[in-house]
Amino acid sequence: MSFAAVILVFAYAGMITTDLCGAVKVYRLRNIIHAFPEMIMHMILFFETFVAEKACKEGSLFGLPVGRDFNEDFSRFFIFILIASLIAVYDIITLNLEYVKRITSINPSSFGIAAERIDCGLLFAETDGTPVLVNARMRDISRQIIKKDRTYAANFWDRILSCEDPDIIKTEFAGNPTFIMRDGNVISFSRTKLSDGRKEYYEILAQDVTELYKHTEELKEQNAELEKVEERLAGTYSNVADLRQERELLSYKLHIHDELGNSVLMGARLLDGRDIEHTDIDKLCENWTGTLNNLMSNAHQGEKTGENIYMDVINTAKTLGVRLILKGDRPLRSDILSFALREAVYNSVKHAGADIVICEGKLSDNVYEFKISDNSRKAFSDIKEGGGLSNIRRLVEAQGGSFGISLERGVVLNITLPGEAK
Amino acid sequence: MTRVLIVDDSITVRALFESIINESPDYELAGSLENAKAAPLFCLSNKVDLIIMDVYTKNRENGLEAADEIKKKFPDIKIIIATSLPEASFQEKARKAGCESFWYKELGDMDLNSIMDRTVNGESVYPEGTPAVDIGIAKSVDFTPTEMEVLRKLCDGKINKVIAEELFMSENTVKFHINNMLAKAGYSNKYQLAIDAVEQKLIVPGF
């Protein structure tokens, strides 16, 4: 084969390859038909080269005399060969540039490309079920669950939900229907209605949530365990204060007991006439007085019942120089009311400079309404709920009551609490 | 005459302290409260020189917080923190709040008088270390300070990840400390450890 023919053959081969790659890579196989005319032309030229050379060698082409030699006329053919080669190179370069442009810019095929590349099953369809876009992953998942590659959206969603395959476990995850597949993967489906302003579409996603599901199940187990521990700890916490107080009380009772014992022994010796000279009578009387006082206070220590719970608050208020007056109805024993009264006294002293706090209560339809106010003349435009007031709110609302603050003539706390159960 | 305020939720304890003070020629009772939160308010309108402050008072009001508040507003008032809880962090918190002295009510002798005298005279009286309590087969003093910090967070109900974030260590380090404590105490899981620490009052959650 002559040198010129070889160059031409390579040039045409390059063009044919470019046509084929372009059709497959850039324009997708289904568009290969658009590349046919050009490809056919280049194939004709490719084979024509062989025919032409043969004709030159034989001196005739289909019986017609041919007086040309490829190599002799190489200089004439050179320009043509050069142009053909340049066209081939140009085709290759522009084709690649076109490919790069297609994958880096948004164009009509971008969405399709992107849909195939995302890591989940994706289906877009019109509301009547006509699919608009389905990616390969969704088709694959559909085949696994409903055994068919039928991804008509309206029917598809219902068919997904009614999957009866015994090897696939149907469950729920984050409110979405979820399937534990045969291979152990967990696929969660979600459906959303979208609108472009004119028309509505369904978007159905099938996401692999295997890791997330596994961790969630583990967390649920741990939480269940923790709940049991929390229950036990709650019991312990509630006992801490009582146990501590009991232990302290016992310790001091023992001390009082010892003191009483000493006092009795000293008294007995005195009465017997022993150690009279060495006994400090005044000191002995003091000891007895102290011991008796301790015994008296110990007698008052005990469970707070009824009015005692409010008396504690009244006494605390008195110590702080505040007179706490309770009027109207109130429950026999209410820790919440007691807490609220205490906080009101604290705030009156701290912020309002008051020395009287009044609590007016009314029972109506088994609901207690309390108004707690003070005699402060200080005006407040705004109140921020600090730790104490927000604690009152939390406790009251936990009981099904309500808490509010009004600024009519100073600060007034308005509390409602359910009445005692009948 | 030194005016003394007593803050303790136990009426018996208050009565005992009151009688000690009343019997003393050097001290005078300024007041007696069962709630720590009331103490700073009391100091606003009453002359107080010395406070005997319980830590765990009525309604879980924290005596250490009240002491801190009082020290900021009334730095001249001397404070003796009195507690029967062997909680590991109380002494440090008391020092941080600026309290002059610290006294374990039930341990050692019941010598409130000498604690008061020494404190009023300018001495700072703190016990050496915290009382040891049994945690499993270990003593609480066998735990390192870092282990105690991890244990405290555990007793607050926090998971390893949150403990690691709050103590600026890795999760593996947290697990390492927990495993060490388990090995010392002879327990198989951290919940037993937390429960025992709270039951023994080595850790008082929320304090």
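Colleague: What applies to the numbering and the confidence limits?

Modeller: Residues are numbered from 1 along each chain as its sequence is written, and chains are lettered from A and ligands numbered from 1 in the order in which they are written. As the model is predicted, local features need pLDDT of at least 70 and side-chain atom pairs count only at pLDDT 80 or more, while totals for chains, interfaces and linings use all residues.

Colleague: Which residues of helix 3 of chain B are buried?

Modeller: A residue is buried if 20 or more other C-beta atoms lie within 10 Å of its own, exposed if 12 or fewer, and partly exposed in between, with C-beta atoms placed from the backbone. Helices (H or I, at least four residues) and strands (E, at least two) are DSSP runs, numbered from the N terminus. In helix 3 (residues 63–73) of chain B, the buried residues are B:Gly63, B:Leu64, B:Ala66, B:Ala67, B:Ile70 and B:Lys71. Because they cover an arc of only 155° around the axis, they sit on the same side of helix 3 of chain B; the arc is that of the directions from the helix axis to the C-beta atoms. B:Lys72 and B:Lys73, on the other side of helix 3 of chain B, are exposed.

Colleague: What covers the buried residues of helix 3 of chain B?

Modeller: Contact is defined by C-beta atoms, placed from the backbone, within 7 Å. The cover includes strand 1 (2–7), helix 2 (38–45), strand 3 (50–54), strand 4 (78–83) and helix 4 (90–97) of chain B.

Colleague: How many residues has the largest nonpolar core?

Modeller: A nonpolar core is a set of buried Ala, Val, Leu, Ile, Met, Phe, Trp, Tyr and Cys residues joined through C-beta atoms within 7 Å. The largest has 91 residues, and those with the most contacts inside it are A:Val345, B:Ala39, B:Ile51, B:Met53 and B:Ile81. Helix 10 (residues 335–352) of chain A gives the largest share of this core, seven residues.

Colleague: At what angle do helix 10 of chain A and helix 2 of chain B cross?

Modeller: Two packed helices are described by the angle between their axes and the distance between the axes. Axes are lines fitted to C-alpha atoms, for helices over the stretch in contact, and angles run from 0 to 180 degrees between N-to-C directions. The axes of helix 10 of chain A and helix 2 of chain B come within 10 Å and cross at roughly 40°. A:Tyr346, A:Val349 and A:Lys350 there meet B:Ala38, B:Leu41 and B:Leu44.

Note on methods: Two residues are in contact if their C-beta atoms, placed from the backbone, lie within 7 Å.
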